[in-house]
Every structure is written in structure tokens, then in C-alpha cells.
Amino acid sequence: MAFNIYDFTTLTHDIHVGLAESFSPVLATTIEWVIVGVVYLLFVALFGLFLVYAERKVCAAFQQRLGPTRVGPWGLLQTIADFIKLLMKELIMPRKADWFLYNLAPFIVIIASFLAIAVLPFAPGLQSLDFDIGVFYLTAVSSVGVIGILLAGWSSNNKYSLIGAMRSGAQILSYELSVSLSLLTMVVFAGTMQFSAIVEGQRDAWFIFSGHIPAVIAFVVFLIAGTAETNRGPFDLAEAESELVAGFHTEYSGIKFAMFFLAEYINLFIVSAVAATVFLGGWMPLHFGNFESFNHVMDFIPPVMWFFMKVLGVIFVIMWFKWTFPRLRVDQILTLEWKYLLPINLVNILLMALVVLTKFHF
Amino acid sequence: MTNDELILVLTEKFPDATIAKGNQYVEMTVTAESLHETAQLLKETETFSFDYLFCLTGVDYPENMGIIYHLESVKHRHVLVLKVRTADRVNPAIDTLSDIWITAKYHEREAYDLLGIHFNNHTDLRRLFLEDGWGFPLRKDYVDEVRIVER
Amino acid sequence: MKSFIEYIVSIFKGVWTLLIGMKVTGKYVFTPWKHVTHSYPENRDTLVMFERFRGEVIMPHDANNEHKCTGCGICELNCPNGSIEIISKSIVTPEGKKKRLIDQHIYHLGMCTLCNLCVKACPTGAIVMGQNFEHAVWDRAKLTKVLNQPGSKISEGVKE
Amino acid sequence: MSEIKEVIVKTDRLATDKYQVNMGPQHPSTHGVLRLLVTLEGEKVLNVQPHTGYIHSGIEKMCEAITYPQIIHLTDRMDYLSAHMSNEAVALCVENALQIEVPDRVKYIRTIMDELTRLASHQLWWCVYGMDLGALTTFFYGLRDRELILDIFEETCGARMTVSYNTPGGLMFDIHPNFQKRVKDYIKYFKTKLPEYDQLLSGNVIMRERTEGIGYLTLEEAIDFGVTGPSGRASGFSNDVRKHQPYSAYPLVKFNEILDHRCDSLARYEVRIKEMWESISIIEQLIDNIPEGDYALKMKGVLKLPEGEFYQRVETARGEFGVFIISDGKKNPYRLKFRSPGFSNLFALNNMAKGHKIADLVAIMSTLDLIIPDIDR
């Protein structure tokens with residue numbers, strides 16, 4: 001197995017064994033939790049910052065601009081400078097805002113994002129929670145974030161925020177359905193809800209290839225619904241800049257605004273990572289049936305690299321949506337979900353079930 | 001309809017009005033009392049059908065205020081300048097034409113704002129640009145020692 | 001059935017128009033070196049304004065510190081904003097004649113709308129439009145300039 | 001106890017209420033300092049009441065104190081995107097009053113400049129419209145093309161937006177020697193870019209869904225409100241001053257007045273896109289045929305208009321612009337009135353936006369192409 005040199009299982013196992021030998025079980029588990037927490041926190045913060053930078057550069061390229069160039073080489077430190085600026089900004093709260101809920105909202109949003117990351121397999125062995133109901137868990141926790149958005153909009157005591165939050169509620173509740181159904185299609189195909197097993201099942205061919213037509217349809221639907229779930233691109237009516245100033249986070253400033261901002265990019269990462277894991281083979285390298293030499297070369301690229309290449313690819317496509325399309329109206333967004341995506345999805349599940357039953361797949 | 005034809009028809013229809021051939025357009029001066037009736041006829045009579053009011057100007061003349069309406073007929077493509085003078089200069093008042101041309105509603109608000117001409121029966125006569133109690137800047141006797149610097 | 005076909009067709013048509021839009025933006029994203037923006041303070045050395053560009057009013061002086069302004073005040077009359085003030089002085093020429101000469105040509109850049117009327121009206125071509133556009137200063141008083149340099153005098157041969 | 005009962009009775013049906021939102025004066029989509037007092041029921045717009053005057057600068061009052069050549073530079077500051085047309089309106093009005101005929105060269109150059117201004121204005125409108133719909137990239141494509149026109153202006157007129165290129169009796173300068181070549185290059189370039197506008201936005205299914213049947217303004221309403229320019233022509237209101245009361249070189253060129261009878265936002269959008277093609281065609285007809293001659297007539301130092309009233313209409317990018325001068329024979333006007341297109345167009349907004357969603361309000365307002373200094377003056 002070519003993967004072995006890149007397998008993280010031994011590393012994580014050694015840490016676990018080392019800790020268990022040195023400390024009491026309770027302490028060892030606590031330390032493990034802390035380590036995992038810190039690693040995830042660092043990863044999310046850094047990757048979030050990188051995504052903000054990437055978004056600005058990609059958007060600049062779409063618009064024939066240069067993007068940030070001044071801070072650091074090629075403007076690489078721009079987002080860090082921005083983040084420091086946000087940290088130092090004064091926290092302003094509207095006088096008649098609901099103090100408790102107003103302060104709680106950003107935490108709910110960002111915690112929901114963190115919860116979802118836990119089940120994503122980055123590489124063999126690099127996954128903190130390997131549930132056998134992984135997909136189910138992910139769809140469950142990723143919809144918690146909308147509570148934060150609703151609270152933020154309601155508690156700011158601002159009409160724009162309220163409209164934004166209500167739009168967001170309607171939108172995320174509807175699109176949750178499409179995300180779940182398109183994932184369900186793939187669960188039908190994979191026969192499991194465990195993420196590691198889903199990735200393992202794509203060793204020979206990614207699901208988007210082996211599942212052919214229904215898988216491609218599910219992928220497209222997932223991309224659209226996922227974009228809507230992250231309140232991005234043509235579906236950003238929750239913060240619709242030209243209509244609602246900044247939507248649900250109009251009244252937030254400083255670090256609380258930064259939390260919403262970061263959560264948006266983490267959600268973008270989660271959607272892309274799920275798309276990469278379920279449809280594009282996760283950390284599995286690209287293999288073509290009989291091209292042994294090609295497959296061998298592909299094996300030498302580490303699985304983590306594969307995973308992130310796929311994720312960044314999907315992120316790029318989602319950014320492409322955002323920087324090309326006009327925004328939909330609130331009734332159109334619901335029309336798209338209930339009249340187009342949902343029927344397509346239901347038919348698609350049937351199709352996938354037929355494909356699985358007749359074994360008409362690669 | 002050419003200007004000359006228009007003058008003929010207008011003289012026939014409105015014997016009381018003063019009709020003259022201006023520099024470019026036919027100019028018709030009416031009294032303040034007959035303004036609303038004349039305007040109604042100008043819009044609704046088939047031969048005129050002046051349905052497009054494109055400019056409404058209030059003017060501060062030495063003795064009274066003048067209001068000048070520029071009318072065009074989309075159908076016949078002729079233009080008429082309708083002029084009227086108020087009786088008083090300090091407290092000018094005139095009938096509104098906003099029930100005939102909706103756009104007059106806003107142009108009249110502007111004239112009220114800048115010249116202080118009161119339009120009778122106007123449904124929504126509020127200031128348009130300036131604050132309440134500002135004064136009427138387009139009047140010739142308007143003084144503002146802070147903002148206007150004389151050279 | 002017909003409406004169902006229309007429904008399917010509308011999906012594909014819609015997706016197709018979206019793809020066309022993505023093609024246009026995609027064309028630009030993969031050629032990022034063809035950007036159209038400039039990095040402004042960095043390109044200062046190579047930045048050349050058009051010769052008619054109206055940045056500010058200046059009064060050119062030649063090598064002998066001489067200008068062409070007679071102090072007639074036509075520019076002051078033509079200025080719509082009162083941004084030019086001419087302060088003239090009376091001197092007695094060697095021949096014993098009294099003569100009015102310019103003392104200070106004061107120019108308030110902060111009030112100027114760069115309409116070119118003064119330059120156009122100037123009978124001797126003493127003032128022209130300069131190309132400098134970086135007028136930001138910390139103190140508003142610095143926007144009031146005296147155009148004729150200290151110690152300068154009117155060049156010979158300018159008709160009065 | 002009784003209080004609780006009351007609450008229960010009240011919440012028996014889900015209580016709904018109207019509420020008011022102030023859009024502006026500081027709002028991303030009002031393009032300046034327009035304030036709209038919007039009454040909403042949920043997302044539905046019940047009433048829109050524009051409040052103007054945040055940028056009222058008293059230009060008409062100022063004009064009463066300055067001379068005619070000086071007035072021209074003030075008109076730049078009103079509708080800054082159609083600066084050249086407004087300049088031309090005053091210049092033409094003064095020329096008419098003095099009964100002088102400018103050389104053909106001046107007429108040709110003025111017409112070309114008019115059309116370039118119209119192109120630039122419609123480009124800016126297009127990109128801002130995209131942005132109001134949420135397609136942020138259009139903004140940069142529109143500005144990219146507009147910058148090149150502004151370069152042409154800068155080379156010939158000396159300024160990019162506030163051109164002040166006209167004077168009574170002619171032009172401020174002759175055209176720059178590069179002018180014709182630059183314009184021809186530009187037209188060639190822009191002909192490749194304009195189809196991209198269509199691909200990116202016009203054909204887009206989201207954009208069509210957002211505009212079709214939205215913001216309906218009937219022909220009668222358009223005439224009654226005096227909605228002119230592309231916004232009025234999209235309701236079938238034939239109001240192109242260039243056709244009906246031609247000025248400058250417009251009698252000499254062939255062009256179509258773009259009319260559309262669909263009356264909705266999409267019609268207003270497409271009228272403007274088609275007008276860009278017409279502008280290109282007008283420029284192409286004129287650019288090679290600029291006659292030789294003087295660029296300005298020799299005028300007196302102090303211009304005094306004869307006593308009387310003079311009106312001049314021109315077609316700016318937003319609609320019919322009028323200058324009404326009442327002269328008492330002095331060097332400055334007794335009363336000067338600007339009939340600005342945006343002023344009349346703005347107040348039709350309530351009729352168009354009523355009953356639509358709040359997102360449509362923004363889109364409808366954007367199709368009117370409002371410039372706030374033009375409204376407030």
C-alpha cells in the first residue's frame with residue numbers, strides 16, 4: 001500500500017498510547033481533547049484567513065484587478081492585518097438590543113461550524129470523530145448555525161437585520177432539505193453513513209464517476225444547495241449588500257463581526273470538504289482503471305494534498321458562482337428549492353436506487 | 001400642428017387669453033382664475049391634447065410671481081408655453097394643476113420650496129429640498145449673510 | 001405533458017445561460033496578468049498626464065524669474081468662484097509715469113473648480129493649467145497660493 | 001389575569017404589522033444621498049416616498065449671479081455623468097438667444113462628444129445595475145470600458161468628468177490630434193465588449209427572472225409623470241429630443257429611436273443596451289466626416305442676452321434636459337431653470353415599486369438611472 005507512508009493512524013495512535021501510559025486515563029483524555037481542540041482552532045483560524053485572502057485574489061482576477069498587494073509579499077499578510085484591525089475595533093451594541101442574545105449569536109454560529117468540521121476526514125487517520133452516522137451528524141449540526149443567524153437578526157433590534165435573518169431562516173431551512181437529500185442519494189450508493197467508509201469505498205473510482213448520471217446530478221444539486229446553505233454567491237440575500245446594508249450582521253462590529261465572517265468561510269470550507277469527500281473521493285488519489293503507471297504516480301501525492309486540492313477546486317467553483325451571478329429574490333430562491341431542486345432530488349434518489357439495485361454502475 | 005396653426009386654434013378656443021408667438025414656442029398668458037379650467041381643456045381637447053408637462057418654472061417678478069408651464073403634446077408634437085401670474089408677491093397663491101398632470105405635483109412642491117408660491121388644493125404641499133422655516137431662496141429679496149458671499 | 005417538457009427545457013436553458021455567463025468571467029480569471037488596474041503610487045515615475053489635463057492654475061516663470069502677468073484682473077473677473085485675487089501695486093517708472101503692476105496673484109485652489117475660464121481669458125497667456133493632481137495637504141491654508149514667485153517681474157515685451 | 005387573556009386573543013391570529021424603513025441617505029444602493037421612506041409589510045413594498053434635498057446646492061440661485069460662460073461649468077456638477085450634454089444645453093440656449101450659428105465642425109464634435117458621454121453613462125449604469133442585482137463583477141467590466149472613454153475626454157477636454165468643453169459659440173479647445181484615432185480604436189474595442197455584457201447579464205436567467213414584469217410603468221403613467229429618456233421609451237413614450245427637436249448634428253445622422261412597449265425593468269434594461277449600439281453607429285457616421293473649420297466663433301468679452309425667454313431641450317443619458325433662461329438684457333440671467341430628467345423620473349418610483357419585494361425596489365430604482373445632484377440641483 002502506497003498510502004502507508006502518509007498514514008496518520010500510527011502518529012495519532014502513538015500520541016494516544018504515550019499519553020495513556022504517562023497520565024491517568026481522565027487526564028490523558030483531557031489532554032487529548034485539548035490537543036485536538038487547539039489543532040482544530042489553529043487550523044480553522046489559519047485556513048479561514050487564507051480563504052479570505054484567496055477569495056479576494058480570485059475575485060480580483062475575475063474582475064481584472066490585482067487584489068491586495070501592499071501588506072506582505074503579494075499581499076499575503078493582508079487578512080492578518082485586517083484581523084488585527086477587527087480585534088482592536090470597538091464593540092458597539094445598539095442600546096435597545098437584547099444584550100444576552102446579541103452576544104450569544106456569534107458564538108452559536110461559529111460553534112456550529114466547528115462541530116461540523118469534527119467529522120471530516122482530512123487524510124487516513126486524521127479525523128477526530130468517526131461516527132457511523134457521520135453524514136447524519138453533519139447535516140444535523142450544520143443547521144444549528146441558522147439559529148445563531150436568526151438570533152443575531154432578531155436581537156440587534158434593526159429592521160434590516162431582522163429582514164436578513166428571516167430571509168436566512170427561510171432559505172437555510174429549505175436548502176437543508178436539498179443538501180440532505182443529495183447526500184442521501186450518495187449514502188444509498190455508498191451503503192454507509194460513515195465518512196471514512198465512504199472514502200474507503202471510492203478507492204477504485206470516485207463516486208461521481210462510478211455513480212455516473214445520478215451522482216453528477218446529486219453533485220450539482222449539492223453544490224447549488226451548499227452555496228445557498230453558506231449564504232454565499234447568488235444566494236446571499238441574508239446579507240444582500242445592495243438591499244439590506246449588511247443583513248443580519250449590520251449591527252455587529254469588531255471581533256463579533258469577525259466571528260460571523262470567519263464562520264461564513266468555515267462553512268464554505270465544510271461544504272466544499274463534504275462535496276470533495278462524498279463525491280470526489282476525499283483524500284483518495286485520482287485513479288484510472290488500467291493506467292497502472294499513472295495511478296502509481298498519483299499515489300505519491302500525499303492524501304492530505306489530494307484532499308485540499310479537491311476542496312480548493314470546489315471552493316473555486318463556488319467563488320466563480322458568486323462573482324458571476326446576480327442575486328436571486330427571496331421568492332425565487334424558494335421557488336428554486338421547492339419547484340426545481342426538491343423534485344429533481346427525489347427523482348434522483350429513485351434513479352440511484354435503481355442503479356444500485358440493478359448494479360448498473362462502475 | 002405648426003405654431004401659426006396653433007395660435008389660430010388657441011385664439012378661437014380661448015378668446016380671453018393673450019396669445020403671442022415667442023422666440024420658439026407659442027406663448028399663452030391666462031389669468032389666475034381661469035388657469036385650472038384652461039389647463040383642463042388644453043389636456044382634454046382632442047386638437048390640443050397637451051398631455052406632457054415637461055417644465056414648470058416659478059419666477060419672481062418685481063410685482064408678482066409668475067408660473068410658466070411648458071406643455072407638449074405627445075400625439076401632435078406641438079409645444080405651448082402657458083403663463084400665469086399670481087395676484088400677490090409676498091403671499092402668492094395659485095390653483096394647483098397636479099390633478100391634471102401628476103408630475104406637476106412635484107414641480108409645484110419645488111416651486112413652493114424655492115419661491116414660496118402656495119398652490120391651492122395641492123394634496124401634499126411640503127418643502128422638497130430645504131428644511132421647514134428656511135426662507136425662499138429664489139426670491140430676489142432673499143438674504144442669507146452666512147452662505148451667500150457677494151462679490 | 002407539454003408543461004412537463006417545458007419545465008425540463010427551462011431547467012436546461014437556465015443552466016445554459018448561467019454557463020455562458022461563467023464563460024465570460026472564466027475567460028478573465030484564467031488570464032490574471034491582463035489586469036486593467038494600475039498600482040498608483042508605485043507608477044508615479046512613469047505616470048504622464050495628458051497635456052491638457054487641468055490640475056491647477058500655475059504661472060510659468062522663465063530662467064530670469066520673469067512672468068507674463070500684467071495684473072489686468074481679467075482672470076479675476078472670469079472666475080466663477082472667486083478663487084483668484086489680484087493685488088496690484090503702483091510704481092513710478094524711471095520716466096516719471098505712474099504704473100500699476102502686479103504685486104501678488106493669489107489663487108485659492110480650494111475654491112477652484114478647474115473650469116479653464118481664467119486661462120482662456122488671459123490676454124497675455126500668463127497663467128496656464130498645470131498637470132499636478134496631488135493636492136492633498138494637512139492644512140487648508142496651504143491651498144491658498146501666490147502664483148508669482150517672490151522677486152519675479154514681468155518679462156519685457158509683454159503688451160500692457 | 002385579564003391581561004393574559006388579551007394577549008391570547010391578540011395572538012390568536014399571527015399578528016402582522018406594517019413598518020417603515022429609511023433607505024438612505026446612507027444606503028449602499030441609493031447611489032448617493034437619496035432617502036426613501038419605504039413602508040413595508042414583511043418583504044412587500046407598500047409605499048415609497050422619496051425625500052430629496054440632501055445635496056441641494058442652489059445652482060439655480062448661483063446662476064443668477066454669474067455670467068453665461070460661467071454657468072456652463074456649473075452644469076457639469078449637476079448630472080455629472082452627462083456633463084457634456086448639460087454644457088451643450090446652456091451653450092445652445094445662449095446661441096439661440098443671440099441667434100448665431102456655430103460652424104459645422106463644432107456641431108459634429110459636439111454630437112460625437114454627446115454620444116461618447118451617453119456611452120460612458122450607460123456603461124456606468126449597466127455596471128451599477130449589475131451590482132444592485134448582486135452581480136458584483138459587472139461593476140468592474142463597465143468601469144473598465146468607461147475609463148477608456150474618460151481618457152479620450154481627458155486628452156481633448158482636459159477633464160474626465162466635469163469636462164466644461166462647451167462655450168457659447170463653440171468649444172473650449174479644438175479636438176486633440178489623436179482624437180479621431182482614439183475614438184475609432186475605442187469603437188472597435190467596445191464592439192467586442194458589448195456582446196459580453198449581453199452574455200454576462202442580459203441573457204442570464206436570474207437577471208431575466210428578476211426583471212421581467214417587474215416595475216410596470218404604463219405609457220399613460222410615463223407621460224403623466226414626465227418619465228423621459230430610456231426609462232420613458234421603455235414604456236413606449238416616444239420622447240427622444242434628438243429625433244423630435246434635433247440639435248447640433250443630429251439632423252444629419254441616421255439613427256433609430258429605441259422604443260419598447262413592455263414597460264418593465266427588462267425593457268428599460270434592453271433599451272439602454274440598444275441605445276449603446278445606436279450611439280456607436282452615430283459616432284461611426286460622424287467620426288470620419290468632421291469638417292474643417294473653426295472650433296469656436298469669436299465672441300464678445302461680456303455676453304449679454306436680449307430680453308426674453310429662451311428654452312433649450314437636449315437629450316441626456318437620463319432623459320430630457322431643459323434649460324430655461326429668462327433674460328432681462330443683463331450679462332447674467334434674471335431666472336434660470338434647469339428641467340432635470342431625474343427629478344421627474346424619481347417620483348414615478350412609487351407607482352412602479354408598489355406591491356413588489358424590497359429587492360425589486362432596489363432593482364427598479366436602478367433602472368431609472370438616478371443621479372442625485374441632478375435631482376436636487
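Predicted model: local features only at pLDDT ≥ 70, side-chain atom pairs only at ≥ 80, totals over all residues.
Local features are reported at pLDDT of at least 70 and side-chain atom pairs only at pLDDT 80 or more, whereas totals for chains, interfaces and linings use all residues. Residues are numbered from 1 along each chain as its sequence is written, and chains are lettered from A and ligands numbered from 1 in the order in which they are written.

Chain A contains 15 helices and 0 strands; helices (H or I, at least four residues) and strands (E, at least two) are DSSP runs, numbered from the N terminus. Its radius of gyration is 21 Å, close to the 21 Å that the globule rule gives for 362 residues, so chain A is as compact as a globular protein of that length. The radius is taken over C-alpha atoms, and the rule is 2.2 Å times the number of residues to the power 0.38. The C-alpha atoms of chain A fill a box of roughly 65 × 55 × 45 Å along the principal axes. Of the 362 residues of chain A, 46% are buried. A residue counts as buried if 20 or more other C-beta atoms lie within 10 Å of its own, as exposed if 12 or fewer do, and as partly exposed in between, with C-beta atoms placed from the backbone. Among the contacts in chain A with a separation of 6 or more, 78% join residues 24 or more positions apart; two residues are in contact if their C-beta atoms, placed from the backbone, lie within 7 Å.

Chain C has 3 helices and 7 strands, in the order α-β-β-α-β-β-α-β-β-β from the N terminus. For its 160 residues the globule rule gives 15 Å, but the radius of gyration of chain C is 29 Å, well over that value, so chain C is more spread out than a compact globule. The C-alpha trace of chain C spans about 110 × 35 × 35 Å along its principal axes. Buried residues make up 21% of the chain C total of 160.

Chain D has 16 helices and 8 strands. A compact globule of 377 residues would have a radius of gyration near 21 Å, and the 23 Å of chain D agrees with this. Its C-alpha atoms fill a box of roughly 90 × 50 × 35 Å along the principal axes, and 56% of the 377 residues in chain D are buried.

Strand β1 (residues 19-23) of chain D pairs with strand β2 (residues 35-41) of chain D in the antiparallel sense over 5 bridges. In this chain, D:N22 has D:L37 of β2(D) as its bridge partner. β2(D) also pairs with strand β3 (residues 44-51) of chain D, again antiparallel, over 7 bridges, and D:L40 stands opposite D:V45 in β3(D). The hairpin of β2(D) and β3(D) has 2 residues between the strands, and D:G42 takes a positive phi near 65° there.

Among the 5 pairs of chains that touch, chains A and D have the most contacts. In another pair, 14 residues of chain C are in contact with 12 residues of chain A. The side of chain C that touches chain A has 7 nonpolar, 6 polar and 1 charged residues. Here Ala, Val, Leu, Ile, Met, Phe, Trp, Tyr, Cys and Pro count as nonpolar, Asp, Glu, Lys and Arg as charged, and the others, Gly among them, as polar. Chains A and B do not touch, and their nearest C-alpha atoms are 25 Å apart.

Note on methods
Pairing = 2+ DSSP bridges.
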